[in-house]
Amino acid sequence: MTEQTPEEQTADRVEIVSFTIGEQAFCLDIGHVLEIRGWTSTTTLPHAPEYVVGMMNLRGAVLPVMDLSMRLGLGKTVPESRSVIIIAHIDKKSVGFLVDAVSNILTVNPADMQPTPDVSSAKTAAFIKGVYMQEDTIVRAIDVHQIMPQENMAAA
Amino acid sequence: MSDLRDMFFEECDDLMEVLSSGLDDLQNGNGDAETINAMFRSVHSIKGGGGAFGLDRLINFAHAFENVLEDLRSERIEADHGLIALMFSAFDHLSDLVDAARDDLEIAEHAGASILADLHQVSAPEGGTTSDSAEVDVADFVPLTLDIGGEDGASIPLPDLNFDLSAPAEDTSGTPAFAIEFSADPGLYSRGHDPALLFRALSELGTLTARVDTTEVLPLNEVGDHFSALTWHLNLLPAAGVEEDDIREVFEFVESQCVLEIATTFLHEDDTPLAELPALAGLPDEPDGGTAGDTPTTPIPTSKPSKGGKPAEVKPDTGKKSEPRNSTIRVDLDRVDRLINLVGELVISEAMLRQSMNELPVSANSSVSEAIGQLKTLSGVLQESVMAIRAQPVRGLFQRMSRIMRESSRTAGKDARMLVVGDSTEVDKTVTERLVEPLTHMIRNSVDHGLETAEDRIQAGKPAQGTIKLEAAHRSGRVVISLTDDGAGINREKVRAIAEARGLVRAEDDLTDSDVDNLLFRPGFSTADTVSELSGRGVGLDVVRSEIQALGGRINLQSDPGKGTTITISLPLTLAVMEGMLVTIEGESLVVPTVALRETLQPGQANVHDFCDGDRGLSMNGEILPIVDLGEALGFRTKLSTLENQALLLIEGESGRRSALAVDTIIEQREVVIKGLEQNYQSIPGIAAATILGNGKIALIVDTDQMIPTAGQSQLSLLTGQEHAEVA
């Protein structure tokens, strides 16, 4: 992706929001995150890809909620009261990411991001742009532009 | 500068509106002196603004137009049929010029040349007064033009005085008058004072004449920046009770920056006629133009020497006589929309609050429920008021349509006039914008096919000039716009014959007159080759209909053979809200737009017929309609074994085709706020938009047109692409 957020271009320290899906840790650039909400039920969309859980009402705005686990090929998330929706703003669209839990806000140096290991499946290669080593855990940085539902391809 | 420019063009819109309604009034015989004054002021302001931005063509044309209006104002010419027609053309061209200037477009050199020539011809019957109109100097429109005329000739936008100031002061037999000599120090200008304003104030004290002495004016190349070489000789014929002190008061603020001498003199009845002071209404005012050249005493065009030998009355400041304008502000549409969105969210939050209150056991707590009741009322009023901001009168739209009518009647060689009723009716801005095309289409249609030729009209006992009436009104929460012509009406036999030939109806079908009329809206009825066959109308009306329906509107046509045709459009007040039927399918709430809804019914099994692949049809009035299970079409469930417990909604699409939608239950009809899906997601087949219900849940709005199968299309393939491709 050629498109970069301003933070990626200028700062040598960026803040990331880390969260977990199953046993794995992931992160998003904090610049994309608008807010974090508890799980609310959604309205099912007809003919939507499986990873689109439905539409939610965020103070009058209608936005889709994506099951990140499903999107990443980690299996379907069964939403429960502890589940969390991260509201993010990506490419001029607002979207909710359904994840298991939000863990932390971390400050990292983008230069420290390591490339995704070569063992990658197609999905890993497409959606994970790199990893940060945080003590003994690996935090996978999500490529937000790729993770969004792709127009037309997912439509149906 | 670009801000100023934008402001000027926005003002132009308003001014053109005034001009246009003035023309309408004149045409309908409602015009009076004030109408013409208002029109004059409009053209004048456009010219003045155009001067500030160096729009020479605009100025030239506006100036010629203005001269005609001035002649009209001073009753030198009369507003007869021909002149009004000319002024309408001039109006059209002027608005073209304004548009071109706004968008920096070039207009063909010859465009409007004939209109300009006609204007000149009309305005200069006695010759002379407007001969310089084509060379108007831009600089003349800068307030207080210190135009020193290039060479020796000095001209200032003030008239001369053909009157000898040296009238013997000792002669006390005439009317007392004041001779005022005024010359400004450079400081007067640098402090922002303007002699013209002072003189205007003076003119309110009586009859004022002025002459400027330019003998001290230096050649241009010797003029320093402290230039002040003009001396004005003013003569004031005071109104009753005006004393010298009153005059001094006018100059109070400039006393230290000028040389002022006031002497009392006397006028005789037989004195040389005075040039009247032009209405100093709006600065910049009437130009004499540097072009007047070497005769500093040439009367300026507007100030014809009065005939009777009596001093002419100073015209009152016409600018002050205009009706008080509603004070308005201009706001960016984005801001308004943001406000509307916020209020929409507020209303939804309020509904959610109310709903959760009802679920609480403490609902007996009356003070809380009272407060919530108040909140509901307030948020409702708030929403209405905010929506009203987006509403604007259809006047602008109607004026555009008047022009379309004039142009198409000219092309068609028919004489027609437009009657506009209810142009102050307010409609959402987006609606008015999207009405332009369908209305244009309808008006062209009316002129081309509705109105007869003048000979036919006379033969039918109608006035030779056709009338097309465009009317707008609010009716039961909707806007109704109707277009009526007094033409020949629809030739139903021909329409029916064509419809039968095209297989739209069968020969044995029993159709009412209105059914036949509305066949014109059917796609496939109007194709190019029907135009020549059909003496009535019917060109592309299906396009009009689909555009109106896209706005959530309905269109209907009524025709009275020999007397005319009326097309009525009924529209929602705003695009943000629509009427819908709330239904449930498999626990999901969905909304079916009422626009498409014709009937709801509970089918008896006897009326439902099975076909291949589980397709079902509903027999109704001898017709078999396809049944579409909405739940199945949207992928909420697989095929139902029976429709026994289903409710059916009979819908009719834009194409006029019908089908029955099967749903689980019908809840109620309600107004819903439309929320687009594309903004944060993408369009979904079968779904037009979403809305938020009182409990905060989202309900999807069904796109009914996609739910009507066409021949050879199975129910399941209604919505394309059953599989979706994963992004690898």
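Is Lys639(B) buried, partly exposed or exposed, and what is its relative accessible area? Lys639(B) is partly exposed, with a relative accessible area of 32%, where buried means under 20% relative accessible area, exposed over 50%, and partly exposed in between (1.4 Å probe, protein chains only). The structure is a predicted model, in which local features need pLDDT of at least 70 and side-chain atom pairs count only at pLDDT 80 or more, whereas totals for chains, interfaces and linings use all residues. Residues are numbered from 1 along each chain as its sequence is written, chains are lettered from A and ligands numbered from 1 in the order in which they are written, and side-chain values use heavy atoms, with hydrogens and water left out.

The model has an ipTM of 0.81 and a pTM of 0.50. For chain B the mean pLDDT (the predictor's confidence in each residue, from 0 to 100) is 74, with 76% of the residues reaching 70 or more. In residues 126–172 of chain B the pLDDT falls below 50, and this stretch has 110 contacts in the model beyond near neighbours in sequence, a contact being heavy atoms within 4.5 Å. Residues 527–539 of chain B also have pLDDT below 50, with 33 contacts beyond near neighbours in sequence. Where pLDDT is low, the predicted coordinates should not be read in detail.

Chain B contains 19 helices and 22 strands; helices (H or I, at least four residues) and strands (E, at least two) are DSSP runs, numbered from the N terminus. Of the 728 residues in chain B, 48% are buried. Among contacts between residues at least 6 apart in sequence, 71% join residues at least 24 apart.

Helix 3 (residues 56–73) of chain B has 18 residues and should span 26 Å at 1.5 Å a residue, which agrees with the 25 Å between its end C-alpha atoms; the expected span is 1.5 Å times one less than the number of residues. This helix is mostly covered, 15 of its 18 residues being buried. Glu75(B), which follows helix 3, has a positive phi, near 60 degrees. In helix 2 (residues 33–52) of chain B lies His44(B), which counts as buried at 11% relative accessibility. An unreviewed UniProt entry annotates His44(B) as "modified residue: Phosphohistidine"; UniProt positions are given in the numbering used here, feature names are shortened, and annotations may be inferred rather than shown by experiment.

Over all chains, 29 salt bridges are counted, each being a side-chain nitrogen of Lys or Arg within 4 Å of a carboxyl oxygen of Asp or Glu. In one of them, the closest N and O atoms of Asp13(B) and Arg102(B) are 3.2 Å apart. Asp13(B) lies in helix 1 (residues 2–27) and Arg102(B) in helix 4 (residues 81–102) of chain B, so the pair ties together parts 89 residues apart in sequence. Asp13(B) is partly exposed at 37% relative accessibility, as is Arg102(B) at 29%. Lys639(B) forms a salt bridge with Glu632(B) (3.1 Å, N to O), and Glu632(B) is buried, with a relative accessible area of 8%. A further salt bridge joins Asp664(B) and Arg637(B) (2.7 Å, N to O).
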